[in-house]
Amino acid sequence: MKNSFLRGMSHGIPICLGYLSVSFGFGILAVSKAGLSVFQASIISASNLTSAGQKAGIDVIAAGGTIIEMILLQLTINIRYSLMALSLSQKLDKRFTTPHRLMASYGITDEIFAVCSAQKAPLTPAYMYGMILIAAVGWVTGTALGAAAGELLPLSVSKAMEIVLYGMFIAIIIPPAKKQHSVLFVIAMAAALSVVFRYCLPMVSDGFAIIISAVAASAAAAFIFPVKDEEAEE
Amino acid sequence: MSIAVYIIVIAGVTYLIRMIPFTFFRKKIKSRFFRSFLYYIPYAVLSAMTIPAIFYTTHNIWTAIAGTAVAVALAFFEMPLIVVALAASGAAFLVGLFM
């Protein structure tokens with residue numbers, strides 16, 4: 001129990017470091033763009049634990065938008081979490097009772113999902129809590145520091161830190177793509193569709209573009225390369 | 001509109017999106033197609049989020065390309081996540097010094 005909590009924490013360290021840098025930028029933005037206090041910015045980060053949704057939320061607050069607009073925007077940007085939650089629900093340990101599910105679902109982020117789904121063993125609540133805790137500490141701390149101390153960090157450093165989380169994504173997808181043609185196919189097709197959306201269909205929001213690209217690529221791969229039972233059980 | 005109302009709405013919607021499928025979906029999926037689909041989804045989501053967005057990080061295409069190239073190379077040799085992530089950032093920083 002304690003062991004898997006610590007293991008979750010150690011697997012969460014790169015996430016924590018990445019979040020520190022990204023949320024620093026969010027903190028700066030929350031103060032400069034929407035005029036929020038350090039406390040308000042930190043509360044948003046602690047209660048949401050998501051980057052794109054929070055950034056969009058700040059935009060709506062800054063523009064004095066309606067609640068309906070806020071709800072629709074959050075749904076669009078964050079609906080990918082439903083797919084991730086569904087995917088993770090298939091590999092939960094028996095210890096994951098309803099109260100644990102209610103609590104751990106708070107922490108399903110892109111990065112936590114990525115690291116959890118790369119695990120071979122079923123996920124235990126303790127493992128997820130360890131990872132969520134250290135990630136949330138990084139996320140909220142970075143937000144507070146960014147909101148309070150804004151431009152203290154040299155620009156060259158803060159710019160270079162923007163790439164940290166993407167570097168982690170690459171580290172997750174490349175090794176399995178080396179071993180399985182099907183994964184290589186999925187990665188290439190999803191990336192290609194995402195590029196098409198970005199440059200040919202700019203009216204589609206980033207959130208929807210990611211969903212459509214990912215669903216289409218996964219469905220094509222599932223059709224062409226159906227997994228064997230052992231693989232899906234992993 | 002009070003800031004508190006906005007904050008509650010953002011947090012509430014975001015939580016429900018995650019909580020509902022995670023909590024109420026209990027059955028093991030039988031359909032081979034759907035199981036395959038869910039097996040591939042993580043890779044597809046991460047890939048679509050990374051490309052082309054990674055080239056817009058760091059505010060400069062060349063530093064972003066340098067960071068991406070280093071990340072891909074180190075990932076190919078299966079380095080730990082943290083090493084790949086920080087090396088990508090370090091490469092972007094170093095190339096940025098010459099920009």
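Because the model is predicted, local features need pLDDT of at least 70 and side-chain atom pairs count only at pLDDT 80 or more, whereas totals for chains, interfaces and linings use all residues. Residues are numbered from 1 along each chain as its sequence is written, chains are lettered from A in the order in which they are written, and side-chain values use heavy atoms, with hydrogens and water left out.

The size of an interface is often given as the accessible area lost when the parts come together. Here chain A and chain B bury about 7600 Å² between them, and 73% of this lies on carbon and sulfur atoms; buried area is the accessible area (1.4 Å probe) that two parts lose on being put together, summed over both. On the side of chain B, the residues that lose the most area to chain A are Arg18(B), Phe22(B) and Tyr40(B), together 12% of what that side buries. Contact, defined as heavy atoms within 4.5 Å, involves 100 residues from chain A and 66 residues from chain B.

Polar contacts (pairs of N or O atoms within 3.5 Å, one able to donate a hydrogen and the other to accept it within protein, with residues adjacent in sequence counting only if both atoms are side-chain atoms) link 25 residue pairs between the chains, both residues at pLDDT 80 or more. Four helices of chain B, α1 (3–24), α2 (32–50), α3 (61–76) and α4 (81–97), each supply at least two residues to the side that touches chain A; helices are DSSP runs (H or I) of at least four residues, numbered from the N terminus. The largest share of that side, 19 residues, comes from α2(B).

Two salt bridges cross the interface, a salt bridge being a side-chain nitrogen of Lys or Arg within 4 Å of a carboxyl oxygen of Asp or Glu. Glu78(B) and Lys179(A) form a salt bridge through their side chains, at 3.3 Å from N to O.

Asn48(A) belongs to helix α2 (residues 38–48) of chain A. Asn48(A) counts as buried, at 0% relative accessibility; buried means under 20% relative accessible area, exposed over 50%, and partly exposed in between (1.4 Å probe, protein chains only). Beyond residues up to four places away in sequence, Asn48(A) touches Gln54(A), Ile10(B), Ala11(B), Thr14(B) and Arg18(B).

As for the cysteines, zero disulfides (pairs of cysteine sulfur atoms within 2.5 Å) are counted over all chains. Cys16(A) is in no disulfide, and the nearest cysteine sulfur, that of Cys116(A), is 15 Å away. Cys16(A) is buried at 13% relative accessible area, while Cys200(A) is exposed at 54%.
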